[in-house]
Amino acid sequence: MPRLEETRYGAAWWDEIVDLRLRVYVDEQAVPLEEELDDLDHVAIHWAALDGERVVGTARLVLGGGDAKFGRLAIEKAWRRRGIGSRLLETAVDRARAAGA
């Protein structure tokens, strides 16, 4: 099972996170690029699900005003249906609760 690492915009694994999101959302689901990458990436907490040093999943959490917004969940096609998305969601929920959201 891949390990989860918390990161931020521009920090460790950022380029790989963006590459995965673009493959999943823009290429597979035809989401416009300008909708997929937004200003919230700069303030969000991001997670990378790592198989060794390879990003196979990602998600983000935006905290503000006592609220939390989970999103941008993307899993590499070959790694889907293995519980990675559930682990990312659980991790984000725990982080949001810890922040008081």
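This is a predicted model: local features need pLDDT of at least 70, side-chain atom pairs count only at pLDDT 80 or more; totals for chains, interfaces and linings use all residues.

Q: Let's start with charges. How many salt bridges does the structure hold?
A: Twelve salt bridges turn up in the structure. Let's go through a few of them, starting with the pair E36 and R72, whose closest N and O atoms are 3.3 Å apart. That pair links distant parts of the chain: E36 sits in helix α2 (residues 33-36) and R72 in strand β4, 36 residues apart.

Q: Are E36 and R72 buried or exposed?
A: Both E36 and R72 are buried.

Q: Which residue forms a salt bridge with R60?
A: D38 does, and the closest N and O atoms are 2.9 Å apart. R60 is in strand β3 while D38 is in the loop between α2 and β2, so this pair ties together parts that are 22 residues apart in sequence.

Q: Why does R60 count as buried?
A: The general idea is a cut-off: a residue is buried if its relative accessible area is under 20%. R60 has a relative accessibility of 4%, so R60 counts as buried.

Q: And D38, why is that one called partly exposed?
A: Partly exposed covers the range between under 20% (buried) and over 50% (exposed). D38 has 23% relative accessibility, so D38 goes in as partly exposed.

Q: With which other residue does D38 form a salt bridge, as in the R72 end of things?
A: D38 forms a salt bridge with R72, with the closest N and O atoms 2.9 Å apart. Since D38 lies in the loop between α2 and β2 and R72 in strand β4, the pair ties together parts that are 34 residues apart in sequence.

Q: Where is D41 found, and is D41 buried or exposed?
A: D41 is in the loop between α2 and β2. With a relative accessible area of 3%, D41 is buried. The side chain of D41 also makes a polar contact of 2.7 Å with the side chain of R60. If you skip neighbours within four places in sequence, the residues in contact with D41 are Y9, W14, R21, E36, H46 and R60.

Q: On to the packing. What tends to happen to nonpolar side chains?
A: In soluble globular proteins, nonpolar side chains tend to be buried together. In this model the largest nonpolar core has twelve residues: I45, W47, A49, V56, A59, L61, I75, W79, I84, L88, A92 and A96. Elements giving two or more residues to this core are β2 (45-51), β3 (54-64) and α3. The largest share, four residues, comes from α3.

Q: What else is there besides that core?
A: There is a second, separate core of eleven residues, including W13, V24, L50 and A74.

Q: What does W79 touch?
A: Not counting residues up to four places away in sequence, W79 touches P2, D51, R54, V56 and I84. There's a charge to look at here too: R82 lies over the face of W79, at 4.5 Å from the ring centre.

Q: Where is R80 placed?
A: R80 is in the loop between β4 (67-75) and α3 (84-98). R80 is partly exposed, with a relative accessible area of 30%. A polar contact of 2.9 Å joins the side chains of R80 and E28. Leaving aside neighbours within four places in sequence, R80 is in contact with V24, E28 and I75.

Q: Where are A30 and R72 found?
A: A30 is in the loop between α1 (14-28) and α2, and A30 is exposed, with a relative accessible area of 61%. R72 lies in strand β4, and R72 is buried.

Methods:
Residues are numbered from 1 along each chain as its sequence is written. Side-chain values use heavy atoms; hydrogens and water are left out. A charge sits over a ring if NZ of Lys or CZ of Arg is within 6 Å of the ring centre and within 35 degrees of the ring normal. Buried means under 20% relative accessible area, exposed over 50%, partly exposed in between (1.4 Å probe, protein chains only). Contact means heavy atoms within 4.5 Å. A polar contact is a pair of N or O atoms within 3.5 Å; within protein, one must be able to donate a hydrogen and the other to accept it, and residues adjacent in sequence count only if both atoms are side-chain atoms. A nonpolar core is a set of buried Ala, Val, Leu, Ile, Met, Phe, Trp, Tyr and Cys residues joined through side-chain atoms within 4.5 Å. A salt bridge is a side-chain nitrogen of Lys or Arg within 4 Å of a carboxyl oxygen of Asp or Glu.
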